[in-house]
Amino acid sequence: MNGALRVVEHHLTVYRRTWKGSVFMSFISPILFLAAMGLGLGSLISRGPVRTVDGVAYLVFLAPGLLAASAMQSAYVETTYPIMARIQWERTYEGMLATPIAVLDVLAGEFGWLAFRLALGSGAFFLVMLVFGTIHSVLAVLAIVAAVLTGLAFAAPILAWTASRRTDQSFALIGRFVITPLFLLGGVFFPLHQLPQLLQGIAWLTPLAHGVALARGLSLGVLGPSAFVHLAVLLLYAAIGIVAARITLQRRLVQ
Amino acid sequence: MADAAHHNDALIHARGLTKRFANLTAVDAIDFDVGRGEAFGFLGPNGAGKTSTMRMIGCVSSPSGGTLRVLGMDPVRDGPRIRARLGVVPQSDTLDTELHVDENLFTYARYFGLPRDVARQRAQQLLDFVQLKDRARDNVEFLSGGMKRRLTIARALVNEPELLLLDEPTTGLDPQARHLVWDRLYRLKQQGVTIVLTTHYMDEAEQLCDRLVVMDKAKIVAFGSPRSLIDQYSSREVLELRFPIDATPALDKLNGLAERIEALPDRVLLYTNDGEAAAVAVHSRGLRPESILVRRSTLEDVFLRLTGRSLIE
C-alpha cells in the first residue's frame, strides 16, 4: 500500500500546479447548470399545471441528479485520455514501474486519487446546492458519498477499457454513445418513469440511474430499502471494473 | 558462457534466457553474466532483442524460458526488491512533463520511499552531477533532448543503484550531447557502478564497454571485449575505396590485395593489416578510386562480418 501512496503523492504534486483552475471549474459548472436548468427551466415548470416534479420543486429534484451525473462525467474524463497519456504518451507508469512500485500500487493509487478528486468536485457541487437552497437535512451530505461511488462505478470499467486500447479512437465514442445519452436520459433531468418501458429497463442496467436515485433519495431524505439495491449495483460495477483493470493494465504494462 | 569466470559473483546471471511473444521469439536462449563493476553492452540492430532482454533484467517483463538471476534474486518473485537497487534509463524518456526539473527527481526519489529531506538533498546533488543545476526550476518540456536525457539518467540514480540499466542512452542526441552523457557514464563507472547498456552505435560500445555481446535476430552471435572482437573478427586496418558512380571495377581486380573484401553499395572495404601498402597496390593495378581512406577496424566491421549487414540500415 506504501507504493499506492507514492502514486497519490505524485498526482498531488502535479495537482498543486493545476488546482486553482480545477477548483474554479468545479464551482462554475454546477452554478451554471443549476441557474439555467434549475431556476430558468424550473420557473416555467412552477408556473405550469403540475408545478412540481415528483412532488418537489424542479431545482430540488434536479440538483442531486446533476451531482451524481457530474461525478460520472469527471470519472469519464479522468480515466480516458489522461490514463492513456500515463500508459503510452508520457509513459509515466513505465517510469513508476522501474521503481519498487508495482502495477497493483499504480491501480490502487489511481483509484484512491480519483476518489479524492471526485469527493472534492462533489463537495464543491454540494456547497453550490447549499447556496441554491436545495439542502434541508444533515444526512443529505451523504449524497456526496453516493456521487463518489457513482464516479467510481464508471471510472473502474472505463479505466479497464482504456488500458486495453492502443489508440484513443474509442474515447470520443464512449462520450457520445454512453456518457451523453446517460446524462440526458438517465433520470437526471426528468423522472425515469417518463421513459418508455424498454428505455427504463436499459437505464436501470447502468450505474447512473442507481447513483442518481441514491443521491436524490439521500438529498430529499426519502430513502427506502431500494437504497441497498442502488448501493449494491454501484459497488458491483466498481468491483468488476477494478478486477478487469487489474488484468488489462497488468497485461499492458508488464508483458 | 559469455564469461564463466564471473559466474559466482555475477550481478546478472542468464542461461538459456528466452522471451517469446505471441508469434515472435524476441530473445532466443541467450547466456551471459555481468560482474560487479563492469560496463557491459548489448550491441545489435533494432529488433535484435536488446530491449526485451533489458526489460527482463529490469523485472518488468517475465522470461518465457531459461534462468535469470539479478542481484542474486529471481526477477519474477522479487521484482520490487530488485528494482529498489536498480537504476533504469528507458529507451524513450518517461519524464514528468507537468513537473519542474527538480520535482522530477524529488518525486522519483519518493517512489523509492526515500524520506523527503534525503530526496531533496539527492535531487540537488544529482542536478549538479548532470550539470542541470541552473535549470532546476524549469519545466521539463523546455529542455533540449540532451538535457532531458541527462535528467533521465539523474533520475535513474536517485536510489544510488548498484546496477544501472541504459537502453540506448544516446540515440537521437547530437555529438556534443552524446559526449557529455558518455563522460557522466564514465564517471559512474569509475565510482564502481555496474553499467549495462544497449546500443546500436559502435563508437558508444567501444567508448564505454569492458565487454559486450553482439546480438542479431534474438541470438548472441559474438562476445568479448571490443578489442578482442576486432582482433577475432576483423583485420587491424581497413582500406575504404570509393569509386565514381557506375565505375566500380570488377572485384576480381582487387583479388589478393586484402584478407577479405567487402563490397557495399557505396564503397569497397579491404580488410588488411597494412592499409597504406594495400592502397599503393590498388594504384599500381591502375585503379583510380575517387577517394581512399585508411582507418582502424571498428566494431562496425565486426558486425558486418558476422551478419553481412551494417548496423543502422
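User: Why is strand β7 of chain B called largely enclosed by the rest of the structure?

Analyst: In this predicted model, a residue counts as buried if 20 or more other C-beta atoms lie within 10 Å of its own. Six of the six residues of β7(B), residues 194–199, are buried, so the strand is largely enclosed by the rest of the structure.

User: Which residues point each way from β7(B)?

Analyst: B:Thr194, B:Val196 and B:Thr198 point one way, while B:Ile195, B:Leu197 and B:Thr199 point the other way, and all are buried. In a regular strand, side chains alternate between the two faces of the sheet.

User: What makes β3(B) and β6(B) pairing partners of β7(B)?

Analyst: Two strands pair if at least two bridges are found between them. Five bridges join β3(B), residues 39–43, to β7(B), and the two run parallel, with B:Phe40 having B:Val196 as its bridge partner. β6(B), residues 163–167, also pairs with β7(B) in the parallel sense over five bridges, and here B:Leu166 stands opposite B:Leu197.

User: What makes the β-α-β unit ending in β7(B) right-handed?

Analyst: The term applies if, with the strands pointing away from the viewer, the path from the first strand over the helix to the second runs clockwise. The unit made by β6(B), helix α6(B), residues 175–190, and β7(B) is right-handed.

User: How many residues does each chain give to the contact?

Analyst: Chain A gives 21 residues and chain B gives 21 residues. On the side of chain A that touches chain B, α1(A) gives the most, with seven residues.

Technical notes: Residues numbered from 1 in each chain as written. Chains lettered and ligands numbered in written order. Predicted model: local features only at pLDDT ≥ 70, side-chain atom pairs only at ≥ 80, totals over all residues. Buried ≥ 20, exposed ≤ 12 C-beta atoms within 10 Å, placed from the backbone. Helix = DSSP H or I, 4+ residues; strand = E, 2+ residues; numbered from the N terminus. Contact = placed C-beta atoms within 7 Å.
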